[in-house]
Structure formats: structure tokens, C-alpha cells
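Subject: Structure handover

Hello,

Please find the structure below. My notes on it follow.

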Amino acid sequence: MIHKYEQNGSYIVLDICSGGVHVVDKLVYDLLDYAKPPFADKCPDEIISKMADYDSEEVAECYLELKELYDAKMLFTDDDYAQYAAMAMKAPIKAMCLHVSHDCNLRCKYCFAQTGDFGGSRMLMDVETGKKAMDFLIQHSADRVNLEVDFFGGEPLMAWDTVVETVKYARSIEKQHNKNFRFTITTNGILLDDEKIDYINKEMSNCVLSLDGRKCINDNIRPTPNGSGSYDIIVPKFKKLVDGRGDKDYYVRGTFTKYNLDFADDVLHINELGFEQLSVEPVVTDPEMPYAITKDDLPTIFAEYDRLEKIMEEQKVKGERKFNFFHFMIDLNQGPCAVKRLRGCGCGNEYVAVTPEGDIYPCHQFVGIEEWKMGSIYTGEVNQQIKDYFAGIHIYSKEECGTCWARFYCSGGCNANSFIYEGDVKKPHKLSCEMQKKRIECAIALAAAEKSE
Ligand code: SF4
Ligand code: SF4
Ligand code: SF4
């Protein structure tokens, strides 16, 4: 199976199952409408006549070249990955999203967490719960050595003592359990100060800094509780943090909505501020919301992704690559790696979210949805039925994903969005799929252009 498309003037053919990418000319691109396995030893007359706009000898030659690629298992490769899906997918828990705060000092209009409280009462996690969560993670991680903890909210800096004490505790016990903790924090930046910046740069392997781009865009959608903008407060702090980060990872993460369908300008703006690692992602929300992205917006969004891809390609050609756009990053040499690519984020199986009360959910987006509550770190029990359910979710257990050309790059999309907006974890969120597929097309085109440099 192949997927072919035109991207900013290039004709690209993806061999879905081998991950092979071929940049071809228009003749080959058109020929692939007709040339398919089983290949004959000579180009059939019927195909030559369908390709009447081209020189028949050239068509016949290209046909045989395609046959060679097919014989070499570089084109129309069979999908033999389903066999891996049948393998036991159960895994110990190795990553945790620790909701140290169900409160927030911003009032973002699109907040999936109801501006921080996740539909409950505003509260912070106490230190004991943070420590208990580390014990729980160690106990449920079997022989996994590397464990990941993301301090999350609401706004995690509001529970700073819990962050610091939890890290201290985890570090104090990791060696005796033969574990290695890797910490991340996701922050809106409002409460950053020199002390917190130094601490984050020392202790957090990665940090995610939330900013939506241009001041007018950010301030409209990410106001403080009194309605004023957050941009001027956070940008200088983010700059200071990133300046002191050394070679540790970070990325500036933005969200675009119907209000900024020209989001490539926000990407460029964030880069102009000096940030090189960034992502700006589409809002996923109730379609009735005024800022919601709808089907009608897709052509504009696709054109914007094309524009961004072109800008990045041009920068690369000039040797001036200025930033990495998270959603356009694909390693073509890696190819589809079986198990990893079959099941995506691992939510509810290898990854869980823990609330300030110590309740366990499959991930942050499921928090507060009672039917998906998986247990409590205080009892130590995990609902095995829910864990097994998520362990069994992979691209072949989702009907639409099993035949989707993007499946090995998308890995089946976001389970939470599927449940919240389509009513079924196994039903892909259609609007997100369309945008995901477009991003993957851009990413492949960009990677192919870079490879050919
Ligand atoms: S900073 Fe995050 S948690 Fe706070 S209101 Fe904005 S989106 Fe919600
Ligand atoms: S794009 Fe949609 S259908 Fe395709 S693999 Fe991803 S979630 Fe599944
Ligand atoms: S289900 Fe969606 S929101 Fe939850 S961890 Fe997976 S990708 Fe993220």
C-alpha cells in the first residue's frame, strides 16, 4: 500500500509499511495511478494507453523501475505488523502525569481543565501525596529502570513545595530501587522567578512552556483572572529560563484556534523571540465554542501548514534552519518500528495521571470522568480491567486506523479526544485525523527535502 501526494510542487510517494519515501517526477506519480502489483514483466498496453500524455517508451521504462522497487520490497510492501499487535501489550507503569495543582492563575478560554480545577474544587497536592505517588510508581514499574514524572496542573508552580519535596524524595529512594527518575514540568510561566528557573534548569530534563504566539493572540485567549494579558509577564521569564537551560530539552508549546488560523505567524513569532524548539497545536474542543476549529477551517489550516513547511524548507536550503517545529519532526531513517508505532501514547497502560487527591486516571484528559477512574495511590489498587482495556488498544483495534495510510506515524491518535468527542476510545476524532494526516505529509516532505540536500 502506498500514499502519494503533492507537497509544495514535489511529488511524494510513501510506501506505508516499509516507511520508504520516494520523491518522484510527474510521470511516475501519474503512472502509480495504474501500475500496481502484481507487476508484469513488461508494461501492459492498457497502461501505456492510459498514460497517453507521456512518451510510451518512458512510461514502459518507469513501469519496470517501479517493478524493481516492488521486487526489492521498497514499494507496495505488505503490512505484516498486525502480528505484533497480537503480542501481549501489557506493560508496567513507567510514566506519570502528576497533577500537583488543580488550580490555575490563568483563565484560558479553551482550557480543557476548566481553567485548572478539572470540574472539581480548586486544590493543590500535598507533599505526602506527591511522595506516595513516587512509591506507587516504583511499585508498579516492575523492572523498568527509567521512570518519567511530569509535574502538571492546572499550574504546577502553584504547588512549588510539593514539586521540590517530591523530587527530593524520589531522588533519595531511586538508587535503592534501581530506578532513574526523569522529571518534566509543564508551566504557564506566571510564577517563575530566578529561584524556580534555576531549580527547573537543574532538576527537570524537559520543560514545556505555554505561549500561544503573538501578543494579541496570546492575550486574547490566555488572560489572567482580571482579564489582562499574560504575554508580557511570561515572555521575559521564558527567555531567562531558556537562556540558562544549556543542552537540556525544552519546548514552547502553543495552541491555535479559529481566531488565529494564520498560526504560522505565531510559530515565526515564537521563534523571533529566540525560542528554537516549539510546537503550535490545534485546539480540540466542543464544536459549539466560538474559537473551535471546524471542518470549514481545514483548507485554510492545510494551506498554513504548507506555508510553514515551505518556510522551513527554504531556511534549510539556505543553511539557516532557525527552529524545530515539533509536529514536522519525523526521522525517515527510523522506519516504522513495530510495537512502538502500534499503540501510541500508552495512556492507561504504561502511563497514568494522578490527581491532588491521589486518584488515578488513564491520562490528564480523562481526569474527572468517573467511569475512567482507575484507582487510588492510597489503596495502591489499579483497576486491571481498565488497564487491560488500554493495553489492548492499538492501530489494528481501531477499525479506521488499521487501513489509514498515516497509521505508523500517528499510532492511532489521542484516545481521550476519541472518547470525549466521538464517544468511543476506539473511534478516531475525525477533525484531528485530517490535520494529523496533513502534518505528517508536511513532515515527510520536509524530511525528504532535507535528506536530498
Ligand atoms: S494555563 Fe493551562 S490549566 Fe491554566 S487556564 Fe490555561 S490551559 Fe488551563
Ligand atoms: S489519522 Fe486518524 S485514522 Fe489515521 S491512524 Fe491516526 S487516528 Fe487513526
Ligand atoms: S490519550 Fe491523548 S491526551 Fe491522553 S496521553 Fe494520550 S495523546 Fe495525550
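Predicted model: local features only at pLDDT ≥ 70, side-chain atom pairs only at ≥ 80, totals over all residues.

Residues are numbered from 1 along each chain as its sequence is written, and chains are lettered from A and ligands numbered from 1 in the order in which they are written.

Overall

Along the principal axes, the C-alpha atoms fill a box of roughly 75 × 50 × 45 Å. Of the 453 residues, 42% are buried (20 or more other C-beta atoms within 10 Å of the residue's own, with C-beta atoms placed from the backbone). Among contacts with a separation of 6 or more, 68% are between residues 24 or more positions apart; a contact means C-beta atoms, placed from the backbone, within 7 Å. The protein has 17 helices and 15 strands. These are DSSP runs numbered from the N terminus, helices being H or I with at least four residues and strands E with at least two.

The ten-strand sheet

Ten strands form an open sheet with mixed pairing, in the order S12-S11-S10-S9-S8-S7-S4-S13-S14-S15. Two strands pair if DSSP finds at least two bridges between them. S12 (324-325) and S15 (375-376) are the edge strands; each has a single partner strand, so one side of each lacks a neighbour in the sheet. S11 (residues 277-282) and S12 run parallel and are joined by two bridges, with Leu-278 having Phe-325 in S12 as its bridge partner. Helix H6 (residues 160-174) packs on this sheet, touching S7 (146-152) and S8 (180-187), and its direction makes about 165 degrees with that of S8. Helix H10 (residues 264-272) lies across S10 (251-256), S11 and S12, at about 155 degrees to S11. Axes are lines fitted to C-alpha atoms, for helices over the stretch in contact, and angles run from 0 to 180 degrees between N-to-C directions.

The three-strand sheet

A further open sheet has the order S1-S2-S3 and antiparallel pairing. S1 (2-7) and S3 are at its edges, each with a single partner strand, so one side of each is without a neighbour in the sheet. Neighbouring strands here are turned by 20 degrees against each other on average, direction ignored. H17 packs on this sheet and touches S1, S2 and S3, its direction making about 105 degrees with that of S2. Five bridges join S2 (residues 10-15) to S3 (residues 20-24). In their hairpin, with four residues between the strands, Gly-19 has a positive phi near 80 degrees.

Ligand surroundings

A residue counts as near a ligand if its C-beta atom, placed from the backbone, lies within 6 Å of it.

- Ligand 1: 14 residues surround it, the closest being Cys-104, Leu-106, Cys-108, Cys-111 and Asn-188.
- Ligand 2: 14 residues surround it, the closest being Cys-401, Cys-404, Cys-410, Gly-413 and Cys-433. H17 gives the most to this shell, with three residues.
- Ligand 3: the residues around it are Cys-345, Cys-347, Cys-363, Gln-365, Cys-414, Asn-415 and Ala-416.

Regards

Notes: Buried ≥ 20, exposed ≤ 12 C-beta atoms within 10 Å, placed from the backbone. Contact = placed C-beta atoms within 7 Å.
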